[in-house]
Amino acid sequence: MIIFTNGHIRTQNPRQPNANAMAIANGRIFAIGNDDEIRSFKPAADREEDLAGRTVWPGLTDAHLHLDYYARGLNYIDCETTSRAECIERVALRCQATPAGEWVRGHGWNQNNWIEGFGNAGLLDQISGGHPVYLTAKSLHASWANSQALQLAGIMAGTPDPEGGRIGRDEAGQPNGILFENAMQLVEKIIPELTPAQLLPLLLDAQQHLWSLGLTGVHDFDGVNCFSALQALDLSGELKLRVVKSIPRQFLPMAVALKLRSGFGSDHLRIGSVKLFSDGALGPRTAAMLQPYAGEADYRGMALLDSEEIFEIGRQAVESGLSLATHAIGDLANHEVINGYAQIRNYEQECNLLPARHRIEHVQIIHPDDLPRLQQLGIIASMQPLHATSDWEIADRHWGERSQYAYALQSIRQLKTSMAFGSDAPVESPNPFLGLHAAVTRTRTDGSPDPQGWYPQQKLSLAQALEGYTTGAAYAGHYENDLGQLAPGTFADFIVLDQDPFSLPATDLWKLSPSGVAVGGEWVWGR
């Protein structure tokens, strides 16, 4: 047994919101209370640790990230620059340092932040030096390739757009190097994949990075190689993050054949939901909208699934005990997903099935008529507060006045909808304190767009925002009896902060980082 005393513990347990000390046995909270109560266990304890008055929170969970991509991306070129020229310069330097013929990868460009706008293959050809180059956009819904990469993928003037995707073309009809949505797969499928064994050290490195930010759990939305690597790490005892692993749509038949269920797994690795995509993203203007984009007479984005398709997929899933997690950015996409989920709820009831914990990933803009339906249908709103502050300029540009219904955190919460918060890393930083800052202030760290925040009526209190990274994320991942709070019987996953976030100005939240992170009562980072 280990006892921790003299702390300021915010438990996230409504029956006992605050405590000073806790006793931990076999990786779980044995008891929690005041110093005298916990010190009564001292004769049975192996050691006592003094928290020296520091603040303790439950370990935080990022409810939506791409763990494989984040781990690999730690070594990619950072393409999130203020100008296209700077991005090209960074690519040139990496090409010069890369062995001949090897792929050069980068991530993070956003043409909306560049005066020059989109790049093209020719610009990369000038500096690639015989390397195939492939750069993914910040949104992960578009990419930029050089001519060599396009040729290796067989993308030519006569190559048709794939279903659910679009190949960018110049005025002469030649591919221009920009690929949207499913067209990205034409290149990605020929890039040599890392084996699960090659992923292992990258995932261990990512685990350290995530701990340093205060994250002890994640919900991962990457592929099967990542799942295989995570299983190996779990078996070896090296996986200490609590990971909820989604199932890509194409593997649903296999998951059903194996009778997998959402929530099944070990202490550190559990099955999540089946991941679907109903539309694209705001950045490349592929989010599916009910009305045209501002200034465009007819263009409404790219709808990838309608309600009937979602129902047919969902019917197969719920019969096996699997929930759905459907990406939906635009208001049309959210509308179709909600309609599909409504049909699934009827089917669950008709077949006497337990209602699955279906999620919508992002809920970035939603028609006001659809807002109450989230709670009515028991849908979890899995949202990323940082998207609001990152995207406000392009949201205003492309959605205009409709942006009042975008990233509507407070409106959704007031309707008592279950909410889970994440980052969509590497789209945004997985730092949860940046997310808390964004949720509470609706501003960037530089204070823009103004001190009141973008659509300030959608601000959350810090207590409300913290729920999204603790109890809300735990419920969404079938971990509600184990994570999200510090209470007898839960895992002893917690972070130590030298400052109490609730005593700081909201504008300073983004500056915080933990001085210690524990999983199962043992320090995994700092102390």
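Is Arg 359 buried or exposed, and with what relative accessible area? Arg 359 is buried, with a relative accessible area of 2%. Buried means under 20% relative accessible area, exposed means over 50%, and partly exposed lies in between (1.4 Å probe, protein chains only).

The model is predicted: local features need pLDDT of at least 70, side-chain atom pairs count only at pLDDT 80 or more, and totals for chains, interfaces and linings use all residues. Residues are numbered from 1 along each chain as its sequence is written, and side-chain values use heavy atoms, with hydrogens and water left out.

**View 1. The whole chain.**
The chain contains 17 helices and 24 strands. Helices (H or I, at least four residues) and strands (E, at least two) are DSSP runs, numbered from the N terminus. The C-alpha trace spans about 80 × 55 × 50 Å along its principal axes. For 527 residues, a compact globule would have a radius of gyration near 24 Å; the chain has 23 Å, which agrees. The radius is taken over C-alpha atoms, and the globule rule is 2.2 Å times the number of residues to the power 0.38. Of the 527 residues in the chain, 58% are buried.

**View 2. The salt bridge of Arg 359 and Glu 361.**
The side chains of Arg 359 and Glu 361 meet in a salt bridge, 2.7 Å from N to O. A salt bridge is a side-chain nitrogen of Lys or Arg within 4 Å of a carboxyl oxygen of Asp or Glu. Glu 361 is buried, at 0% relative accessible area. His 362 is part of strand S19 (residues 359-362). His 362 has a positive phi of about 100° although it is not a glycine. His 362 counts as buried, at 3% relative accessibility.

Asp 220 and Lys 245 form a salt bridge through their side chains, 3.2 Å from N to O. Asp 220 lies in strand S15 (residues 215-220) and Lys 245 in strand S16 (residues 242-248), so the pair ties together parts that are 25 residues apart in sequence. Both Asp 220 and Lys 245 are buried.

Glu 312 pairs with Arg 315 in a salt bridge, the closest N and O atoms being 3.1 Å apart. Both residues lie in helix H10 (residues 307-319). They are 3 residues apart, about one turn of the helix. Glu 312 counts as partly exposed, at 36% relative accessibility. Arg 315 is partly exposed too, with a relative accessible area of 25%.

**View 3. A salt-bridge network.**
Arg 28, Arg 270 and Asp 482 are linked in a network of salt bridges. The structure holds 25 salt bridges.

**View 4. A negative patch on the surface.**
Glu 163, Asp 306, Glu 308 and Glu 309 gather in a surface patch of negative charge. Patches are made of residues with over 30% relative accessible area and no salt bridge: like charges are joined within 9 Å, nonpolar side chains (Val, Leu, Ile, Met, Phe, Trp, Tyr) within 5 Å. Lys and Arg count as positive and Asp and Glu as negative; His and the chain ends are not counted. The place of a charge is NZ of Lys, CZ of Arg, CG of Asp or CD of Glu. Accessible areas come from the Shrake-Rupley method with a 1.4 Å probe; for residues, only the protein chains shown count as cover. Glu 163 sits in the loop between helix H5 (147-152) and strand S13 (165-169). Glu 163 is exposed, with a relative accessible area of 76%.

**View 5. Two cis peptide bonds.**
Ala 425 and Pro 426 are joined by a cis peptide bond, with omega about 10°. Pro 426 is in the loop between strand S21 (419-421) and helix H15 (432-441). The bond from Ser 448 to Pro 449 is also cis, with omega near 10°. Pro 449 lies in the loop between H15 and helix H16 (462-469).

**View 6. The loop at Leu 140.**
Leu 140 is not a glycine, yet has a positive phi of about 65°. Leu 140 is placed in the loop between strand S11 (133-137) and strand S12 (142-145).

**View 7. Pro 385 and Ser 423.**
Pro 385 is found in helix H13 (residues 385-399). Pro 385 counts as buried, at 1% relative accessibility. Pro 385 and Ser 423 are 38 residues apart in sequence and 7.4 Å apart in space, C-alpha to C-alpha.
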